[in-house]
Amino acid sequence: MNRDIGITTRYFRHYEALENAFRLRIATLLPRKHAGTDRFWQDFQNLLQALPAGSAPRAEHYITSNPRDCLAFGTPRQVLQAALMATAPSTPRATTDLDAVASRFRLQSHWRQPVHSLSGGETVRLALAKAFVTATRADRLTLASPFSWLSLNNRRFFEELAGHCRQLGTPLEVFALEGEDSTAAAAPLPDAPAGPAFRLFFRQAGVVLSSPFDSLQNRRLRAAFDDADFMLRSPCLIRGDNGQGKSLLAKVLAGAASREGDAGLETEGTLGGVRLLLQDLVNQTMMRTFRQIAAGRDARAGLVIHGCYNAIRDDMLASHVLKRDEVRSFEDRWNSRQPASLLELKILLAAVRLAGRPAALVLDEPDWGLRQACAMVMVSGIIQVAHRHGVAVMIISHKPWWQNRVASFLQIRKTSPTAGAATTDLFRIQMQRTSAPR
C-alpha cells in the first residue's frame with residue numbers, strides 16, 4: 001500500500017494470473033483474447049451468465065491492461081463526453097468542464113484526433129482522464145498494468161487520478177507484474193558483444209493520420225519526420241517520452257503505416273526490410289494459436305522458426321531466471337492442447353520475424369505483459385539469436401531498464417510544425433543520435 005497517494009498494489013508473476021484476477025474483479029465482463037478464438041467465444045457466450053443476479057451489480061470501474069480496450073469512441077472528445085453523460089447529474093463541477101480535464105491530462109492537442117492513432121502513452125492518459133470523470137460513480141477503480149504504458153515523466157497523471165480518488169473516498173487498486181514499476185537500470189551484461197552496424201535515414205517523410213471523417217471534411221492531418229541520416233550499432237535503444245513518436249517511427253520503417261517520402265534502413269550498404277514486434281502483442285497475434293503462427297509459409301520456413309524459438313528459449317533458461325515449465329520447448333508447445341502463454345507467443349513472433357532474415361527487428365516496449373526479470377532475459381535471448389544471423393535489433397522503450405545493455409541510442413522528440421510548413425502537419429518528429437541515455 002502506497003499511503004502517500006492512497007494506492008493498493010497487487011503484484012503477479014505472470015500475465016495470465018494478472019488477467020484472471022482482473023477478470024474476476026470485473027465479473028468476467030471482458031472475453032480473453034490471449035488464449036485463442038475458442039476461449040474468446042466461450043467467454044463471450046458466458047457474459048450474461050456471469051452478471052450478478054438478485055441485486056444491483058457493484059459499479060466496478062477499470063482500465064484494462066491494454067487501455068485501448070476500454071475506449072469505445074472515436075476521439076478523446078467523444079470518449080470524455082460519453083463518460084460525463086454516464087455520470088451526470090452526480091458529477092462534481094471539477095469534472096464537468098471537459099476542457100479543464102483535457103488540460104489536466106494534456107489531451108488538448110489530441111481532442112479530435114482518432115483514438116486509433118494515439119500513442120500508447122496518449123491512450124493511457126485518455127483512459128486515466130475518463131476514469132477521473134467517472135470516479136464519482138464508482139464503488140471501486142481497478143487499473144491493470146498502468147506502468148507498462150506510462151513513462152516516468154507521465155506517472156504524475158496516474159498520481160493525479162489517485163489523489164482525485166482519495167478525495168472522493170473511491171478505493172483504487174493496481175494489478176501489476178513483478179518489477180513493472182521499477183525505475184532502476186539493469187546492470188550491464190558481461191562480455192556482451194555489439195551487433196551489426198546499420199544506417200537509418202529519413203528524407204521528407206511523413207505519415208497521414210486522418211480518419212475517414214476527416215476526409216469527408218477535407219481535412220488532411222499528418223505527422224512529418226525531420227530529415228535524418230545516422231550510423232548506429234545494434235542493439236540500439238530508441239528513447240523518448242510518451243507520445244513522442246517512437247512507435248510511429250517503427251511502423252514507418254516496417255511498412256505498417258502509410259508513408260510519404262523516403263525512409264529506410266541499410267546494413268552493409270544494402271537496403272533491407274524491417275520487422276516489428278508490437279507492444280500490443282495480443283492483437284498482433286489476431287487470436288491465432290501457436291501452431292497457426294508457427295507453421296510458416298512452408299516446411300523449410302517452419303524448421304527455421306523452430307530453431308530460432310528454441311535458441312531464444314535456451315538462452316533464457318541459461319540465465320536461471322525462469323523455470324523450464326515457464327517457457328516450454330517448441331516441440332512440447334506444438335503438441336500441447338493448452339493455449340500458449342503470452343511469453344511463449346512473444347518468443348514465437350520474434351522467431352517468425354528472425355526466420356525471414358530481415359535487416360532489423362524492432363521490439364516495441366518488449367516488457368509489456370512480462371515481469372521485469374523475465375522481460376530482461378527474453379530481450380537478451382532475442383538479441384543473441386538476432387546477432388548470430390546478422391540482424392540488427394532496435395528496442396523502443398521509455399524505461400531506463402535497458403540503457404546499460406545497448407550499443408547506441410536514438411532520442412525521439414515531438415516538435416511543433418516549422419514555420420511555413422504545410423498547415424496539415426499536426427507535429428514533427430525529431431531524431432537525435434546520442435552517446436548516452438537522456
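Start with helix α13. Its buried residues are covered by several elements, and these include α12, α14, α15 and α16. Keep in mind that this is a predicted model.

Which residues of α13 are buried? They are Ala301, Gly302, Ile305, Cys308, Tyr309, Asn310, Ile312, Arg313, Met316 and Leu317. In general, an α-helix has 3.6 residues a turn, so residues three or four places apart point the same way. Keep that in mind as you read along the list.

Now the length of α13. The helix has 19 residues. From first C-alpha to last, α13 reaches 27 Å, close to the 27 Å expected at 1.5 Å a residue.

Next, the packing. Two packed helices are described by the angle between their axes and the distance between the axes. We have two pairs to look at.

First pair: α13, residues 299-317, with α15, residues 342-355. Their axes come within 8 Å and cross at roughly 130°. α13 and α15 are therefore oblique to each other. The crossing is right-handed.

Who touches whom here? From α13 we have Val304, Ile305, Cys308, Tyr309, Ile312 and Met316. On the α15 side they meet Leu343, Glu344, Ile347, Leu348, Ala350, Ala351, Val352, Leu354 and Ala355. By class, that contact has 14 nonpolar residues, no polar ones and one charged.

Now the contacts. α13 brings Cys308, Ala311, Ile312, Asp315 and Met316. They meet Cys374, Val377, Met378, Ser380, Gly381, Ile382, Gln384, Val385 and Arg388 in α16. How does this contact divide by class? The count is nine nonpolar, three polar and two charged residues.

Is α16 covered or open? Mostly covered: 14 of its 17 residues are buried. Just after α16 comes Gly390, with a positive phi of about 75°.

Arg106 is one of them, with phi near 55°. Arg106 sits in the loop between α6 and α7. At 32% relative accessibility, Arg106 counts as partly exposed.

Gln204 is another, with phi near 50°. This residue is in strand β5, residues 197-208. Buried or exposed? Gln204 is exposed, at a relative accessible area of 66%.

Then a cis peptide bond. It joins Ser234 and Pro235, and omega is about -5°. Pro235 lies in the loop between β7 and β8.

Two more residues, for their partners across the sequence. Leu248 lies in helix α10, residues 246-254. Leu248 is buried, with a relative accessible area of 17%; the cut-off is under 20%. Leaving out residues up to four places away in sequence, Leu248 touches Val207, Ala223, Phe225, Phe427 and Ile429. Leu248 and Ser119 are 129 residues apart along the chain, yet their C-alpha atoms are separated by 8.0 Å.

Thr289 is in the loop between α11 and α12. At 37% relative accessibility, Thr289 counts as partly exposed. From Thr289 to Gln338 is 49 residues in sequence and 9.8 Å in space, C-alpha to C-alpha.

Finally, the whole chain. The secondary structure comes to 16 helices and 15 strands. Of the 438 residues, 54% are buried. Take contacts between residues at least 6 apart in sequence: 77% of them join residues at least 24 apart.

That's the tour. I'm happy to go back to any of these spots on the screen.

Technical notes: Residues numbered from 1 in each chain as written. Predicted model: local features only at pLDDT ≥ 70, side-chain atom pairs only at ≥ 80, totals over all residues. Heavy atoms only, no water. Axes fitted to C-alpha atoms, helices over the stretch in contact; angles between N-to-C directions. Helix = DSSP H or I, 4+ residues; strand = E, 2+ residues; numbered from the N terminus. Parallel < 35°, antiparallel > 145°, perpendicular 65-115°, else oblique. Left-handed = near helix turned anticlockwise from the far one by under 90°. Contact = heavy atoms within 4.5 Å. Nonpolar A, V, L, I, M, F, W, Y, C, P; charged D, E, K, R; others polar. Buried < 20%, exposed > 50% of the residue type's maximum accessible area, 1.4 Å probe, protein only. Expected span 1.5 Å × (residues − 1).
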